[in-house]
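Subject: Structure handover

Hello,

Here is the structure I promised to pass on. Please open it first, then read my notes below.

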Number of protein chains: 2
Amino acid sequence: MKTEKIPYKIYLEESEMPKSWYNMRADMKKKPAPLLNPATKEPMKAEELGAVFCDELVAQELDDKTPYIEIPEEIRNFYKMYRPSPLVRAYCLEEKLGTPAKIYYKFEGNNTSGSHKLNSAIAQAYYAKKQGLKGVTTETGAGQWGTALSMACSYFGLDCKVFMVKCSYEQKPFRREVMRTYGASVTPSPSETTNVGRKILAEHPGTTGSLGCAISEAVEVAVGSDGYRYVLGSVLNQVLLHQSVIGLETKAALDKYSIKPDIIIGCAGGGSNLGGLISPFMGEKLRGEADYRIIAVEPASCPSLTRGVYAYDFCDTGMVCPLAKMYTLGSDFIPSANHAGGLRYHGMSSTLSELYDQGLMEATSVKQTDVFEAAEYFARVEGILPAPESSHAIRVAIDEALKCKETGEEKTIVFGLTGTGYFDMVAYEKFHDGEMSDTIPTDEELAAARAKLPKID
Amino acid sequence: MKTEKIPYKIYLEESEMPKSWYNMRADMKKKPAPLLNPATKEPMKAEELGAVFCDELVAQELDDKTPYIEIPEEIRNFYKMYRPSPLVRAYCLEEKLGTPAKIYYKFEGNNTSGSHKLNSAIAQAYYAKKQGLKGVTTETGAGQWGTALSMACSYFGLDCKVFMVKCSYEQKPFRREVMRTYGASVTPSPSETTNVGRKILAEHPGTTGSLGCAISEAVEVAVGSDGYRYVLGSVLNQVLLHQSVIGLETKAALDKYSIKPDIIIGCAGGGSNLGGLISPFMGEKLRGEADYRIIAVEPASCPSLTRGVYAYDFCDTGMVCPLAKMYTLGSDFIPSANHAGGLRYHGMSSTLSELYDQGLMEATSVKQTDVFEAAEYFARVEGILPAPESSHAIRVAIDEALKCKETGEEKTIVFGLTGTGYFDMVAYEKFHDGEMSDTIPTDEELAAARAKLPKID
């Protein structure tokens, strides 16, 4: 065991916690492309977005000028209940790998939602409450976002209607039950409670649902109910803004010990965790103050950055949401049943897509079996049982640390450990039993989905 | 929201973490009664216990003189991976209850075992490794102890054989899978792999097992295998010693802010958590330096302190273990299927039993439905989804805080939040669906079990 002065876990004092979120877009010379109205192909206006989203969140969504946005005191008080999250020095992992690299991870799993999703859920619930709304609607796949939103709504006394993809609803009854514990109503999607749900059920009687369908149902209920808005847990600029608390805390903790990372690694589905983690580091890069290697890790089964195209596309498969310019596989693309449900998204945050397009970050994809190998290794060495999503970052962090072992370089690696895998034991079981496979889309499959992208001049 | 100087969470620095465990027995004038050999009824000698337990653990078990026992550096390094655990000021709960009481809880659930069990598991695995053993055996009911031991054995490269009560093995496949992730072998008990298992299966072909049977199988395998010993996660003096790290951290955190608790509350099954939490406070009481109200909370379905007798009894239903003097319902007593599996034990730690008998602590019992009502309330207000076991302490903490509301007293209440309820959602589901009942043993049932206690002069 090494005996350095850096503690195993770096915690910030309450007084050191961030008081503002950081908005990367403010420091980008070339801004992310605007959302477009799918009917007119014109940039979405605040009043159009306000029919679906809370007013203050719309303002945050459209604001690409203000670098720091104050975190309201009510949200900071809630953050104090489960934040700061620890920045952990992975001494045991380093020793086991025999690497000269120094490895740190920001662990976001120590709250009941089991992930970083709570950081944005509490913000979105706060603004909904402030606007005087009765409640919010959303969709959830794996269930982490739905859980986080349930917790946030319970805290502010808001009604919370969650449409949960039917197969998850049936396969993950415990996730559903956690949401019920927080007072949310959870409806399997597609359902008979919406027009779009009834339509889909009529056309596909045996369907087990999809995230795209659940989004459409949640939006329909929000728009059609008095005092309700729709909220989303990833992809959007506002979500990356709220999640910047991860990166700001990480940077503050590193700065306390004068540590400068060389490589920053995060898993990427819609981009909420990665965008949050890298925010202040990317800010320095954008302002020419420092340089870092930043690596987005995605599943080989759903490789939007590494094998997608940078184009306008629908955010949902139901095509009710605005068009966003992003790296996408096409909203028609259906990824294989990878166990990292949180990474099964056809597109990528517009902000991250633009940063990637400008060459400011790298991307790589990893196979599911390699991911679970790293997950189990990590669990045994560092104690924490990681979520499949988070384990994508672990895989690449280990690979980079092993490269350092070969070259003898003492690089400092920071990765985001977004959550825990307590509700993913079916996936671990398949891995243990040798029943896990890797499905990688063929070039033909990707071309077919890409052919259906909307035509935008 | 109150704006006091006490932070939401008090964390200790690494340098402030305990370097020694505290052994309450050293400060007890009247010591707990010794373990007896069931055949001879004579006090168990170290060499007899050494056939079952690791040598250094036997020494700790029998040592009622040494107040502080140094925590080996290897164990302290492991503790640094998940400790110190936070002492949380329950500001939100206080506000919601409208109580003038100040409520703190020591939260032990932020590790993959989901509970405080890891504190003793890592110690027991360390001493097994130091003795040059190949591995250890144990039993697990709800699965938290088995998970903790799997993690500890994985860290030290020890083999780990867990006998899991068959009904839990089948009902909690995810717990089983977490243990497999850490490389443990998990056998449903009763099994065909032991004499006692085969005997029980022959007599009761359809049995779903019991903790007593699993203990017997684990002991048989340990005693019959070269290089193996048996380890236990509660009841024993050595376990309370290791768990004193909970109380020592709690006291150090309170002392940092000059906080003196009035009431200390913990749930009590075998006594591991409660004994650990109260250790340094009870030490002050025993030495006449301070006074505290200390309350043990047990389920009304298994009320060993409040409705049991103080007598010598078998620690296991298979009657293979030594006799211990304790508050007991009789080893023949079978508690109803309460969802707090960790509290379904017929007896109680000898040390705690003696302290209770001397009037140094109180005990109370609570009904399961009242416990889940408190659990859900707490989850919504404080964010953390508590384990059913821990929620017994929450129930009584809330009740005491409400008494303060009536009287206007600003008491300081500290309770132990031993773990999280992620693997207990079946119980929460039953509660939500109104299908949870309370089964309280009748006086006749208790008398019948008591009649079968062993006769000791």
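B:P190 sits in the loop between β8 (185-189) and α9 (195-203) of chain B. Helices here are DSSP runs of H or I with at least four residues, strands are runs of E with at least two, and both are numbered from the N terminus. The peptide bond from B:S189 to B:P190 is cis, with omega near 5°.

Chain B has another such bond to look at. B:R83 and B:P84 are joined by a cis peptide bond, with omega about -5°. B:P84 lies in the loop between α3 (73-82) and β4 (87-89) of chain B.

Before you go on, note that this is a predicted model: local features need pLDDT of at least 70, side-chain atom pairs count only at pLDDT 80 or more, and totals for chains, interfaces and linings use all residues. Residues are numbered from 1 along each chain as its sequence is written, chains are lettered from A and ligands numbered from 1 in the order in which they are written, and side-chain values use heavy atoms, with hydrogens and water left out.

Now the backbone of chain A. A:K41 is not a glycine, yet it has a positive phi of about 65°. Look for A:K41 in the loop between β2 (20-22) and α1 (46-49) of chain A.

Next, helix packing. Two packed helices are described by the angle between their axes and the distance between the axes. Axes are lines fitted to C-alpha atoms, for helices over the stretch in contact, and angles run from 0 to 180 degrees between N-to-C directions.

Start in chain B. There α3(B) packs with helix α5 (residues 118-130) at about 150°, and the axes are 10 Å apart. That angle makes α3(B) roughly antiparallel to α5(B) (under 35 degrees is roughly parallel, over 145 roughly antiparallel, 65 to 115 roughly perpendicular, and the rest oblique). From α3(B), B:E74, B:I75, B:F78, B:Y79 and B:Y82 meet residues of α5(B), including B:L118, B:I122 and B:Y126. Contact means heavy atoms within 4.5 Å. By class, this contact has 9 nonpolar, 1 polar and 1 charged residues (Ala, Val, Leu, Ile, Met, Phe, Trp, Tyr, Cys and Pro are nonpolar; Asp, Glu, Lys and Arg are charged; the others, Gly among them, are polar).

Then turn to chain A. Helices α11 (residues 237-256) and α12 (residues 272-286) have axes that come within 6 Å and cross at roughly 55°. That makes α11(A) oblique to α12(A). Their crossing is right-handed. The contact residues include A:L240, A:G247 and A:K251 of α11(A), and A:G275, A:G276 and A:F281 of α12(A). The classes are 8 nonpolar, 9 polar and 2 charged residues.

How do the two chains meet? In chain A, 44 residues are in contact with 44 residues of chain B. About 4,200 Å² is buried between the chains, 57% of it from carbon and sulfur atoms (buried area is the accessible area, with a 1.4 Å probe, that two parts lose on being put together, summed over both). On the chain A side, A:F174, A:T181 and A:Y422 lose the most area, together 16% of what that side buries.

How many salt bridges does the rule find across the interface of chain A and chain B? It finds 4 (a side-chain nitrogen of Lys or Arg within 4 Å of a carboxyl oxygen of Asp or Glu). Over all chains, the whole structure has 58 salt bridges. In one salt bridge, A:D433 pairs with B:R180, the closest N and O atoms being 2.8 Å apart. A:D433 lies in the loop between α17 (425-432) and α18 (443-450) of chain A, and B:R180 in helix α8 (residues 173-181) of chain B, so the pair joins two chains.

Best wishes

Definitions and conventions:
A crossing is left-handed if the near helix is turned anticlockwise from the far one by less than a right angle, and right-handed if clockwise.
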